[in-house]
Amino acid sequence: MLIFSAIVIGLWILYPLAISCLFPDLEERGQFGDTFGAINALFAGFAFAGVILAIILQKNELGLQREQLLAQDQTSKKQNFESSFFQLLRSHIAIVDSLQTADSAHRTGRQCFGTYISRLKTKYESESNRDINEIWREFAENDLRGADHYFRHLYNTIKFVDEHSFLQEFEEKKHYTDLIRGHLSSNEQGVVFYNCLSDRGAKFKRLVERYSLFEVMDYNVLLDERHLDLYKKGAFETFEGP
């Protein structure tokens with residue numbers, strides 16, 4: 001179409017030069033011009049239409065280029081986000097692997113959470129008349145030494161997903177928090193469950209409830225199923241929106 005427009009504009013420019021060469025006499029030239037003046041007007045119209053069409057096509061081309069640049073920018077942002085996210089997830093796994101219990105059994109890695117839950121149950125059964133927050137605080141001070149980094153890192157990983165500007169929709173954020181949940185064992189979920197009921201775990205608890213971090217939880221790890229009432233239903237059931 002651009003070639004057609006160029007041809008029309010070229011003919012429009014060459015038309016008067018051709019008439020001058022064919023009809024050197026002014027009177028004859030005038031008579032010919034009167035006869036074919038409509039053709040000249042038609043060429044002028046075609047030329048103008050060609051210019052307008054060229055502008056429209058160029059505008060559309062620029063629009064496509066902007067869309068391509070935007071798509072490339074979104075792809076780059078997603079790659080940057082996922083690179084950071086999966087690095088955090090790998091760090092979480094490394095932290096779990098580095099855990100050790102201080103008892104003679106000397107549990108390591110993910111096995112530690114089974115020991116934690118067992119000890120917490122024993123403590124709760126002997127002191128069930130006390131507030132669960134107080135029981136957990138004493139348990140954490142005596143039996144979870146060195147595990148603070150685990151809770152902080154897990155909380156910050158979920159917070160990273162929750163606050164990242166790249167993820168606009170709740171469903172997108174839920175997809176990545178589900179990947180985190182998939183790395184939590186049943187005993188691990190139980191330990192996180194009681195940590196979030198403590199004073200220091202209040203912020204973490206809100207994220208657990210928002211992203212249903214206990215959606216597939218094994219309730220056998222709980223000290224008492226009545227403790228389920230200490231959470232909003234969102235902690236265990238997927239729902240739409242924040």
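Helices here are DSSP runs (H or I, at least four residues), numbered from the N terminus. We're working with a predicted model, where local features need pLDDT of at least 70, side-chain atom pairs count only at pLDDT 80 or more, and totals for chains, interfaces and linings use all residues. Residues are numbered from 1 along each chain as its sequence is written, and side-chain values use heavy atoms, with hydrogens and water left out.

**Exercise 1.** Find which helices each supply at least two residues of the lining of the largest pocket.

*Solution.* Start with the term: on a 1 Å grid over the protein atoms alone, a pocket is an open set of points where a 1.4 Å probe fits, with protein on both sides within 12 Å along at least five of seven lines, and lining residues have an atom within 4 Å of a point. Next, look around Asp148, Phe151, Asn195, Arg200 and Gly201, the closest to the pocket's centre of its 19 lining residues. Then pick out the helices: α5 (132-143), α6 (148-163) and α9 (202-210). Among them, α5 gives the most, with five residues.

**Exercise 2.** Work out whether Tyr150 is buried or exposed, and what its side chain pairs with.

*Solution.* Now check contacts (heavy atoms within 4.5 Å): beyond four places in sequence, Tyr150's partners include His92, Phe113 and Glu188. Finally, zoom in on Glu188, whose side chain makes a polar contact with that of Tyr150 at 2.4 Å (a pair of N or O atoms within 3.5 Å; within protein, one must be able to donate a hydrogen and the other to accept it, and residues adjacent in sequence count only if both atoms are side-chain atoms).
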